[in-house]
Amino acid sequence: MKRLFLFAMMCATTTLWATAGNTIDTEPLKLVTPEMTPQLVKINDNPFARTVSYNPTETERSFGDFDFFKTKTNPDVKPFKVMDDLTFVGVPLFIAGWVIKSEKNNFKQDSKTKSSLLTNFKTGIDDYTQYFGPALTVGLKLGGYEGRSDWPRLLASAAMSYGIMAGFVNGIKYTAKEMRPDGSSANSWPSGHTATSFVGATLLHKEYGLTRSPWFSVAGYGVATATGVMRILNNRHWISDVMSGAGIGIMSTELGYALSDVLFKGKGLLRNDLESNSEIPSFFSISMGVSLGLKDLSFPMGSLVNHSEEEIESDDTFTVDFQTGTAVDAEGAYFFNKYVGIGGRLRVRAMTANNWNDFVEMGKSDRKEVSQNIIDIVDASSYISREQITREMSDIVTDESYTIESDHLTEFSANVGIYFNIPLSSRFALGTKALIGRTMTQELDINAHYIGQQKEANYTLTINDGNATDLEITNFSSSGKTYDVSWDYMTMGGNNSTNFGTGLSLTYRYKSNFSWKVFVDYDYSEKTFTLEYDPLHFTKVATPNLANLVTIIGFEVNPYRFEVKKNVNLFTIGGSFAITF
């Protein structure tokens, strides 16, 4: 034990001797007094009060911004004034829809003829796209991508916008009581889906389009416009419903944000608007408008291409009437300077036919007339009593229905050309263009469905020198079979053609990157329109062995095909939302 103690003492003594030399050259410690400069400071009235100012970075805010109830205001953000950020573009859209609201003489449901409007175009996407704007806005916000407003201000603005829209839409719907195109309910005008979609698009525009990238605005208004078009193609709304709905949606959001500016003033603002000093008017725009010019298409007997005119009365004319059409555009141009540029336009124009029931009634009249001719022929060529023949013909058609597969004559066009800009001031400019391109037309179509009792006839026919001289019918009765046939009752379309376009626009640049436009476009093309009308196709199935006696019966059971060439002059009046870059 003593040895271990002596060994430890020797180690400690050696260590102290080895380190003692490190302090030989060291200087003694000195106390340095810092310089102090007197300053005047403001002392809080309450000495215990404490103010902490903290502005988190965008990265730090990615999770902290999820606090819905904590107000944040970034420095150097320009306060928004009520009238400074308020536009009234929704007002003319609503008025335009109201003005053309009378253009609703379209095909109606008809219980007597069992005609119905069931188009090939049917989608439920518009039930979801109406929420695209708020979904993207909230998604970006939750992801920490800072927009115009903090959570409290954004939620208040959105709630007031949707509340104002719901009040306008429902108040008008159940007061006006406009019937929908498909006859399902009397609450067509204005379109709630379209109004909801444009509220969301304007939310996205104000939060991220104005402050982050104008392409957010293009995405929002593009999807909103597509939603309105789908409501028309689904035959749930008229063009007037959609235009008024778009106007209500935009104006409701403008009012909602104006009320937020009054309530919050400068609180809750996170970003300023984007600014651009470029004077070059290059743009991309989305447009919606009404199409005028093609009110009807007439097919006189002289345009019949597969029958002789003598087969039908010479004064007969097939006429298809159209209501005011719908036009939706995507357009853009790159300008070399303030005055001249090149660009292009994609346009979808849909013109809805009005008088479908006229063709249904015309076919029913033809059917009755051919049935009466069969009765007369059989009565004159057999010993069968007229009463028996009439009784046999009474169930030749027991059920009939007509389905509109497409009630739109739709034109797709693509054009390119030269664009011109004439600046009037820092905010206003006139524009025009000269375009050339191609159009493609999608046909409209009405189908028929007949069910009845098939008839059979036994006859002998004597032909001398190519002429039928003697017809003797020995039997005319039911075959005991039921026929069920569907066919294309009437179709109408046009050929692809070259078209030329021009137009005049007035642009209002309400932000450095954004503009609203009103425009009038003119398009010209030469088209060949065809109409095929086949009302008596059912006789080939209902009376198969009498179908060959068309010259005797006095009716041609094959379809009538008409062709007319027409110079088409179309005007489009509408409005555009455009971004400049």
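Lysine 265 is exposed (over 50% relative accessible area, with under 20% buried and in between partly exposed; 1.4 Å probe, protein chains only), at a relative accessible area of 57%. The model is predicted, so local features need pLDDT of at least 70 and side-chain atom pairs pLDDT 80 or more, while totals for chains, interfaces and linings use all residues. Residues are numbered from 1 along each chain as its sequence is written, and side-chain values use heavy atoms, without hydrogens and water.

Lysine 265 follows helix H9 and sits in the loop between H9 and strand S2 (283-292). Helices (H or I, at least four residues) and strands (E, at least two) are DSSP runs numbered from the N terminus. Lysine 177 also has a positive phi without being a glycine.

| Residue | Phi | Loop |
|---|---|---|
| Lysine 177 | about 55° | between H6 and H7 |
| Lysine 265 | about 55° | between H9 and S2 |

The loop between H6 (151-176) and H7 (192-209) also holds proline 190, which a cis peptide bond joins to tryptophan 189, with omega about -5°.

In H9 (residues 239-264), 22 of the 26 residues are buried, so the helix is largely enclosed by the rest of the structure.
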